[in-house]
Amino acid sequence: MKLLTVFIAILTLCAGIAVAEPAIRIERPTVTSTGEFVDVDITYDNPSGQEIGGFDFYLTYDSCLSLQTVVMGDLPSECEWEYFTYRAEGLNGLRIVAMADVINGAVHPSCYAGTTGTLARITFLANIDPTLFFDFLTIRFMWYDCGDNTFSSIAGDTLFISNDVYYFNGVYDQLITKDTTFPTPCGAPDECLPNFRGMDFYSGGVYAILNDTVPPTAVCPDDTTVSAEPGQCGSVVIFEAQVSDNSPDATISCDPPSGSFFEAGTSTVTCIAVDMFDNTDICDFTITVEDHEPPTAQCPEDITVPCDPDDCSAMAPYTATVVDNCPGASISCSPPPTSFFSVGTTPVTCIAVDASGNADTCSFNVTVVDQQAPQITCPEDFELPNDTNQCGADVVYEVSATDNCPTFFVVCDPPSDSFFYSGTTPVTCIATDAFGNADTGVFNVTIVDVEPPRAFAPDDITVPNDSGECGARINFSPSVTDNCDGATITCDPPSGALFPTRPLPVICVAVDAAGNVDTASFTMTVIDTQPPVVGVPVEVYAANEPEECGAVVAFDPVVTDNCSDPTIFCDMPSGSFFPVGITEVTCIGTDREGNADTAMFPVIVADTSHPVIDCPIDIEIFNDSGSYGAIVYFEPEVNDNCPEVNIDVSPPSGSFFDIGTSMVTVFATDKVGNAATCSFDVTVTLNDPDNDGLPDWDDNCPDVYNPEQDDTDGDGIGDICDWRYGDANNDDQINVADAVFLISYVFTGGSAPDPVTAGDANCDGQTNVADAVFLINFVFGNGPGPDCP
């Protein structure tokens with residue numbers, strides 16, 4: 001049955017909806033008769049593999065369903081769950097409870113509900129109203145408190161409530177989830193552990209479809225006649241066939257259906273009525289479409305064709321067509337397409353007739369045009385000599401023509417028996433027929449000028465050269481006469497050319513347009529009278545070469561001449577050695593004709609080298625005996641590239657230099673003012689070994705420091721050298737060694753002074769450590785020396 005097939009397809013489609021969350025589904029089977037038992041499965045869709053350890057379902061079902069029994073589904077059964085029960089509650093209410101593990105005893109389930117499968121199977125008896133052919137009996141989940149429709153964890157210590165809830169209306173699922181109050185079909189409200197939502201719920205039910213064996217009645221319209229639609233060989237026909245049946249869903253369909261296009265003529269329409277249980281009935285009727293539309297005769301556009309080759313007429317094949325809303329129309333024309341058409345315009349008429357006798361006409365013109373040009377025949381190109389003393393000749397020629405049509409004429413330019421000028425003249429001839437077709441022929445008539453021109457040259461010419469030129473530009477005027485215009489005369493060299501300084505023949509050639517030639521000649525002589533020009537620098541400046549009192553100087557004098565290869569000579573050529581100072585150079589230039597020119601310039605060599613002084617090294621000497629200074633001699637050396645160097649030394653050699661350091665300056669200047677200077681030091685040191693500030697010759701005790709120069713007895717020997725108090729070690733000197741000798745004697749039992757009084761440096765009558773201290777102060781300049789009476 002078709003309707004049953006449709007609802008089964010809907011059931012399959014709805015059952016196959018993919019879910020992202022774990023879901024509980026009430027399946028949607030079908031029954032086809034009242035009193036039939038039907039099994040409805042509650043399934044678990046578990047795409048994520050979430051395992052559960054128990055569930056508590058509460059659902060309601062349609063009053064046409066009578067609960068028979070509930071059994072454990074395959075999923076908990078195969079896992080050997082320990083507890084499963086159900087009971088009817090209220091009006092058409094059902095609770096189903098199952099647990100995998102009840103008391104956690106010795107017997108445990110082999111698995112939990114961790115895959116997709118059936119949780120429970122409910123068997124109902126369907127009690128359907130026999131007057132209804134179709135009904136959907138709803139089975140849905142209901143919530144009366146938070147424990148309804150829950151799932152427990154594997155351990156049994158956590159409950160999971162509904163997430164999304166869907167109601168199935170027999171055609172599609174509707175999302176009905178919302179937060180409401182008990183009782184509700186919309187899922188657990190938010191007051192029930194909202195953070196433990198983990199399962200979607202889908203309601204279901206039973207499709208009830210009953211059998212029917214009574215066929216429907218098909219009712220067709222009467223036979224119908226219509227006209228074909230414009231431009232169509234038929235018509236779209238609308239009609240209505242009806243069906244009556246004991247069930248409301250019977251349908252009727254026709255072939256061809258209403259709204260179909262029916263060809264011209266008579267067509268039979270068959271209609272079939274079908275109810276939802278495939279019971280049928282048939283009726284038929286006819287539709288006649290009549291063609292009243294004439295065909296359309298389609299002639300070509302007016303035709304223009306040329307004449308056939310070499311004929312004054314032509315064939316003009318053409319195609320006329322007919323267009324009709326229906327096939328079978330034909331067309332005929334007069335004259336027919338195979339006719340022969342003369343030059344000019346001929347009308348053609350065509351008649352189109354269709355199968356229903358409808359007719360149409362059209363017409364067009366066939367015009368035959370003569371497009372073939374006449375054929376002209378011209379003579380070959382030919383030549384004639386000019387008439388005597390004429391630049392041309394009279395010429396006579398003959399031209400002919402033929403054509404496909406009889407009327408034509410020929411015109412030539414220039415015409416026969418005209419005067420043709422010397423040279424080649426094209427003759428153009430045109431043959432034209434009555435329709436304006438033309439053919440053109442061209443040939444050349446060449447009049448050859450065989451008469452030569454006459455050339456005339458001037459007499460021989462002698463002139464001096466042009467200034468600055470090795471020759472002269474001379475203008476002269478040859479002439480030519482000829483029978484034709486355009487003769488020319490050219491000379492080699494030509495007038496206005498630069499003629500060299502020698503006799504030169506000039507050949508003049510006269511040529512006319514035909515190439516006839518005549519010659520004449522004369523001699524042109526140019527004499528060179530212009531001397532060369534010598535170019536020298538205004539002056540040449542150079543610096544002396546190192547260590548030389550002069551320099552090799554290069555310069556480049558030039559000589560130019562109006563003629564080539566002049567020579568130049570300088571009395572001191574470039575590359576000579578020039579002394580420091582000014583040297584006058586004279587250069588003479590001469591050309592090959594003996595013409596000469598002279599120029600002079602100075603070569604200035606500057607002395608740029610400074611003298612070089614070889615200064616003595618610093619001098620150090622002792623004072624002259626008996627003098628507080630010394631006479632010092634020295635000799636600085638000076639070198640220069642040129643002689644006559646002036647040397648100034650301050651102080652000069654042989655001067656007396658005081659004690660101390662004096663600077664000596666040497667200044668050298670050559671005769672052009674180049675200068676050099678240097679200096680060195682002379683140091684005179686006082687000869688004073690004991691460093692008491694007195695020279696030996698003026699020191700009464702030169703070996704002992706005694707700046708006071710005490711001499712008590714006036715014998716010229718200082719007291720420090722005359723007395724020996726303090727010379728403890730008897731070495732004839734009073735110094736730090738005597739202090740050390742006394743310390744050794746006093747503190748370590750060393751040798752005693754000899755005599756002991758020699759160690760009494762402080763003149764206190766005792767020799768002890770005080771004398772050592774006295775000596776140290778004396779030696780290092782912090783006290784007086786020994787001065788005992």
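**View 1. The disulfide between Cys412 and Cys429 is right-handed, because the torsion about its S-S bond is about 115°.** In this predicted model, the two sulfur atoms are 2.1 Å apart. Cys412 belongs to strand E35 (residues 408–413) and Cys429 to strand E37 (residues 423–433), so the bond ties together parts 17 residues apart in sequence. Cys412 and Cys429 are both buried.

View 2. Cys378 is partly exposed, at 22% relative accessibility.

**View 3. Cys333 and Cys350 are joined by a disulfide with an S to S distance of 1.9 Å.** The torsion about this S-S bond is about 110°, so the disulfide is right-handed. Distant parts of the chain are linked here: Cys333 is in strand E27 (residues 330–334) and Cys350 in strand E29 (residues 344–353), 17 residues apart. Both cysteines are buried.

**View 4. A disulfide connects Cys79 and Cys111, with sulfur atoms 1.7 Å apart.** Its torsion of about -100° about the S-S bond makes the disulfide left-handed. Cys79 sits in the loop between helix H2 (74–78) and strand E6 (83–89), whereas Cys111 sits in the loop between strand E7 (93–99) and strand E8 (117–126); the two are 32 residues apart. Cys79 is buried at 4% relative accessibility, while Cys111 is partly exposed with a relative accessible area of 29%.

Definitions and conventions: Residues are numbered from 1 along each chain as its sequence is written. This is a predicted model: local features need pLDDT of at least 70, side-chain atom pairs count only at pLDDT 80 or more; totals for chains, interfaces and linings use all residues. Side-chain values use heavy atoms; hydrogens and water are left out. A disulfide is a pair of cysteine sulfur atoms within 2.5 Å. Helices (H or I, at least four residues) and strands (E, at least two) are DSSP runs, numbered from the N terminus. Buried means under 20% relative accessible area, exposed over 50%, partly exposed in between (1.4 Å probe, protein chains only).
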